[in-house]
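My notebook is open and the viewer is loaded. Here is what I looked up, in the order I looked.

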Amino acid sequence: MRNRFDEQLALLNQELIKMGSLCEEVISLASSALSEGNSELAARVAPLDREIDEKERSIEAICLRLFLQQQPVARDLRQISAALKMITDMERIGDQAEDIAEIITFLNGRTRTEHMKIREMAKATMKMVTDSVDAYVKQDIKLAQTVVASDDTVDNYFDQIKESLISLIAENPTDGGYALDLLMIAKYFERIGDHATNIAEWVMFSITGKKKGVTKDLSD
């Protein structure tokens, strides 16, 4: 029975990696679409977001089977519970990438230097997502802590972009709408960083049994 349970846990890890890869792909597509002013690239985000939604449902089913197959020990329970929380954040990452892509279609191919800064921000958030999922699979608390620390880098990018766009509005008030669109895109990337941080914190919970805002101790 335990062997079957371990096989399902391995399947859960594989599916989480696939879902994480889809999240990386939508972030990368949205970033490339922005920097190239390419609405065709942006249009490819929505179908991938639907794949992410499907993957969330598939992983939920695996987790339910794991709960039902046998009474999980504390560490198993933490790992499965963390996975259920993680996929909620990953699904929201897909939604926010789709929101970014939708805004890009209104920019009419226009590009500015701020786009490259936003793309750097996107790369940082994509690495956070990748590392948070890797930390779960490897049960690597140090990697999870690195992800949490990296959120400051993403926040700093957002602050720099915001200041640049404020200056743009001051210099060219007619560009106000355009600047606000870029600011919303940067804000969505900042939120993606927050979701990656949440994932990393759930990884730490799966290892230690403790998380901010979680009062019940599920340690062994």
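**Disulfides.** I started by looking for disulfides, meaning a pair of cysteine sulfur atoms within 2.5 Å. My count came to zero. C23 is in no disulfide, and its nearest cysteine sulfur, that of C63, is 15 Å away. C63 is in no disulfide either, with the sulfur of C23 as the nearest one. Buried or exposed, I wondered about C23? C23 has 0% relative accessibility, so it counts as buried. (Buried is under 20% relative accessible area, exposed over 50%, partly exposed in between, using a 1.4 Å probe and protein chains only.) C63 is buried too, with a relative accessible area of 0%.

**Ground rules.** I noted that this is a predicted model, where local features need pLDDT of at least 70, side-chain atom pairs count only at pLDDT 80 or more, and totals for chains, interfaces and linings use all residues. Residues are numbered from 1 along each chain as its sequence is written, and side-chain values use heavy atoms, with hydrogens and water left out.

**Confidence.** I checked pLDDT, the predictor's confidence in each residue, from 0 to 100. The chain averages 89, and 95% of the residues score at least 70. Over residues 214–220 the pLDDT is below 50, yet beyond near neighbours in sequence this stretch has 16 contacts in the model. (A contact means heavy atoms within 4.5 Å.)

**Core.** Next came the nonpolar core, a set of buried Ala, Val, Leu, Ile, Met, Phe, Trp, Tyr and Cys residues joined through side-chain atoms within 4.5 Å. The largest one has 68 residues, and L12, L16, M90, I185 and F189 have the most contacts inside it. Among the elements giving two or more residues to this core are α1 (2–36), α4 (74–104) and α7 (176–208). The largest share, 16 residues, comes from α7. (Helices are DSSP runs of H or I, at least four residues, numbered from the N terminus.) I then picked I185: leaving aside its neighbours within four places in sequence, I185 touches L34, I100, I103, I104, L107 and I118.

**Rings.** How many aromatic pairs does a search of the whole structure find? I got one. (Rings of Phe, Tyr and Trp, its six-membered ring, pair if their centres lie within 6.5 Å; planes under 30 degrees apart are stacked, over 60 edge-to-face, the rest tilted.) W202 and F205 are edge-to-face, 5.2 Å centre to centre with 85° between the planes. They are three residues apart in helix α7, so about one helical turn separates them. W202 is buried at 13% relative accessibility, and F205 is buried at 3%.
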